[in-house]
Amino acid sequence: MVIPPPVRPPRIVDFLKPYVLKMHFTNKYVTAQVIHSPTATVASAASSQEKALRGTMESTRDVAAAAHIGKLLGERLCQKDIPAVTVFLKREQRYHGKVKAVIDSLVGAGIKLI
């Protein structure tokens, strides 16, 4: 038996954005993911933990690493024909430092912010 998805009113559907950018910063690494909200799947991701990136980057945790991750994520989104994302910051995240570097490099790669 297949359970159909719930029917949502149009005002709620208009509020939901299809692609959401999530960022996670640790003391060692920078990770960014774009999640497709209706299906709750990861559309694209980039991290400084990737084996190919660790050798090329001087540091895996600073602002330059965050900018590199944002640029790489933007290129991957362009390859998958995802033109725009929504940025939802957590309470402790401010538009400053690493967060600003990731978002600015996404915009520089051609991704629009909704």
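# Briefing: fold, core and helix packing

Ala40 sits in the loop that joins strand 2 to strand 3. The model is predicted. In the protein chain, the secondary structure amounts to four helices and five strands. Read from the N terminus, the order of elements is α-β-β-β-α-α-β-α-β.

**Overall build**

- Along the principal axes, the C-alpha atoms of the protein chain fill a box of roughly 50 × 30 × 25 Å.
- The protein chain has 114 residues, and 31% of them are buried.
- Take the contacts in the protein chain with a separation of 6 or more: residues 24 or more positions apart account for 58% of them.

**Loop residues with positive phi**

- Ala40 is not a glycine, yet its phi is positive, at about 55°.
- Ala40 counts as exposed because its relative accessibility is 63%, above the 50% cut-off.
- Asp81 is in the loop between helix 3 and strand 4.
- Asp81 is not a glycine either, and its phi is positive at about 60°.
- With a relative accessibility of 68%, Asp81 also counts as exposed.
- Gly110 comes after helix 4 and has a positive phi, near 105°.

**Nonpolar core**

- The largest nonpolar core holds 23 residues.
- Leu21, Met23, Val34, Leu73 and Leu77 touch the most other members of this core.
- Five elements are named as supplying at least two core residues each: strand 1 (19–25), strand 2 (30–36), strand 3 (41–47), helix 3 and helix 4.
- Helix 3 contributes the most to this core, with six residues.
- Beyond its neighbours within four places in sequence, Leu73 contacts Leu21, Ala32, Val34, Ser44, Ala45, Ala46 and Leu106.

**Helix 3 against helix 4**

- Two packed helices are described by the angle between their axes and the distance between the axes.
- Helix 3 covers residues 63–79 and helix 4 covers residues 98–108. Their axes come within 7 Å and cross at roughly 30°.
- Helix 3 is therefore roughly parallel to helix 4, since angles under 35 degrees count that way.
- The crossing of these two helices is right-handed.
- On the helix 3 side, the contact is made by Val63, Ala66, Ala67, Gly70, Lys71, Leu73, Gly74 and Leu77.
- On the helix 4 side, the contact is made by Lys98, Ala101, Val102, Ser105 and Leu106.
- By class, the contact of helix 3 with helix 4 comprises eight nonpolar, three polar and two charged residues.

**Buried residues of helix 4**

- Which residues of helix 4 are buried? They are Val99, Ala101, Val102, Ile103, Ser105 and Leu106.
- These buried residues pack against strand 1, helix 3, strand 4 and strand 5 (112–113).

**Thr86 in strand 4**

- Strand 4 spans residues 84–87 and includes Thr86.
- Is Thr86 buried or exposed? Thr86 counts as buried because its relative accessibility is 11%, under the 20% cut-off.
- Setting aside neighbours within four places in sequence, Thr86 contacts Lys17, Tyr19, Val20, Leu21 and Ile114.

- Lys51 lies in helix 2, which runs over residues 51–54.
- Lys51 is exposed, as its relative accessible area is 70%.
- C-alpha to C-alpha, Lys51 is 19 Å from Met23 in space, and the two are 28 residues apart in sequence.
- Val7 belongs to the segment before helix 1 (10–15).
- Val7 counts as exposed, at 82% relative accessibility.
- Val7 and Arg54 lie 45 Å apart in space, C-alpha to C-alpha, with a sequence separation of 47 residues.

Key: Residues are numbered from 1 along each chain as its sequence is written. This is a predicted model: local features need pLDDT of at least 70, side-chain atom pairs count only at pLDDT 80 or more; totals for chains, interfaces and linings use all residues. Side-chain values use heavy atoms; hydrogens and water are left out. Buried means under 20% relative accessible area, exposed over 50%, partly exposed in between (1.4 Å probe, protein chains only). Contact means heavy atoms within 4.5 Å. Axes are lines fitted to C-alpha atoms, for helices over the stretch in contact, and angles run from 0 to 180 degrees between N-to-C directions. Angles under 35 degrees count as roughly parallel, over 145 as roughly antiparallel, 65 to 115 as roughly perpendicular and the rest as oblique. A crossing is left-handed if the near helix is turned anticlockwise from the far one by less than a right angle, and right-handed if clockwise. Ala, Val, Leu, Ile, Met, Phe, Trp, Tyr, Cys and Pro count as nonpolar, Asp, Glu, Lys and Arg as charged, and the others, Gly among them, as polar. A nonpolar core is a set of buried Ala, Val, Leu, Ile, Met, Phe, Trp, Tyr and Cys residues joined through side-chain atoms within 4.5 Å.
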